[in-house]
Amino acid sequence: MTGAAGEPAVREHTRPVAGETAAAGSGTAAPGSGTAAAGPGTALGAELRSQVTEFVPLAVTLDGAGGACVAGVTAEGRWLRPEPVTAAQVAGPDPVYAVHHPVRLPLGPATGDGARPEDRAAGGAPRRAGPPTEPARRAALLAAVADPDVATAFAGGRSAGLVAVRPLGYRHQRSTGGRTFLRLEFTDNTGERFDWIVRDVRLLDAGPGEIALPAGPEAPLLYAAVGLTHPNHRFPGRFRGCHPLVVGLHPADGSPLLPNETSLEGTAGAPGTA
């Protein structure tokens, strides 16, 4: 099978990345070695359900109302979405959550109604687990966890995934409520065409005409992290009543998305590093 425009098809998202321990760590700590401290009145069983977990964020988003979200993958290729996430954790001069920066925090099962397979309850503050991964390792991680197409990314009740896409065009469009959204038109490996809002925090401040990323039939391959909102019943049908979004964009060769993306040049000694 070949991907978009003859590119090799990407591998299944469950395939672990050989040698990726520096990029994604070991996934989940051994039971008992990284459990969150139990507070007063916390049962032992509840304590053991929260374990320190390391993952690499591939989607870091912020909307115009200050709502933040993060999703990423462990070394085993498992998608996780910690909740809650605050705007201060994803934006500002040194956010603890940034794409390709491994993080570590206690995570337990999500307890709210409508929890998705990737949702996890954060049992403590996130901390950086090392410097950002190098370009070659970023490229290997992206290829290893990507799904073949959009339909596969959202199969089985999933609400987060990574897909190889051909970007056809970026544009800003005003909604009926007066807000302006960045949108990306793209095709996946099947050739199906999509036109979705982009919520990548790195593009949040880009105004109309300020997106200088390549687009068109000959544009380089990108990996798009895609996600679904919680159901709001205004979008029945294909995506289970959820709104699909592009929640992260990644060049296939592991290079930075933007020329001034200095966050990928950090060091292990940066604030918030474990």
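Reply: The buried residues of H3 pack against strands S1 (51-62), S2 (68-73), S7 (160-174), S10 (222-228) and S11 (244-251). Helices (H or I, at least four residues) and strands (E, at least two) are DSSP runs, numbered from the N terminus. This is a predicted model, in which local features need pLDDT of at least 70, side-chain atom pairs count only at pLDDT 80 or more, and totals for chains, interfaces and linings use all residues. Residues are numbered from 1 along each chain as its sequence is written, and side-chain values use heavy atoms, with hydrogens and water left out.

Helix H3 spans residues 135-145, and its buried residues are Arg138, Ala139, Leu141, Leu142, Ala144 and Val145. Buried denotes under 20% relative accessible area, exposed over 50%, and partly exposed in between (1.4 Å probe, protein chains only). An α-helix has 3.6 residues a turn, so residues three or four places apart point the same way. In the protein, which has four helices and 11 strands, buried residues make up 49% of the 274 residues.

Asp200 counts as buried because its relative accessibility is 2%. Leaving aside residues up to four places away in sequence, Asp200 touches Val60, Val246, Val247, Gly248, Leu249 and Leu257; a contact means heavy atoms within 4.5 Å. The side chain of Asp200 also reaches the backbone nitrogen of Leu249 at 3.1 Å.

A pocket is, on a 1 Å grid over the protein atoms alone, an open set of points where a 1.4 Å probe fits, with protein on both sides within 12 Å along at least five of seven lines; lining residues have an atom within 4 Å of a point. The second largest pocket holds about 630 Å³ of space. Its lining comprises 34 residues, with Asp63, Arg199, Thr229, His230 and Leu245 nearest the centre. By class, this lining has 18 nonpolar, nine polar and seven charged residues.

The largest pocket holds about 740 Å³ of space. Of its 31 lining residues, Val201, Arg202, Leu203, Leu258 and Glu261 lie nearest the centre.

Definitions and conventions:
Polar contact = N/O pair within 3.5 Å; in protein donor to acceptor, adjacent residues only side chain to side chain. Points joined across faces, edges and corners; volume = space filled by probe spheres on them. Nonpolar A, V, L, I, M, F, W, Y, C, P; charged D, E, K, R; others polar.
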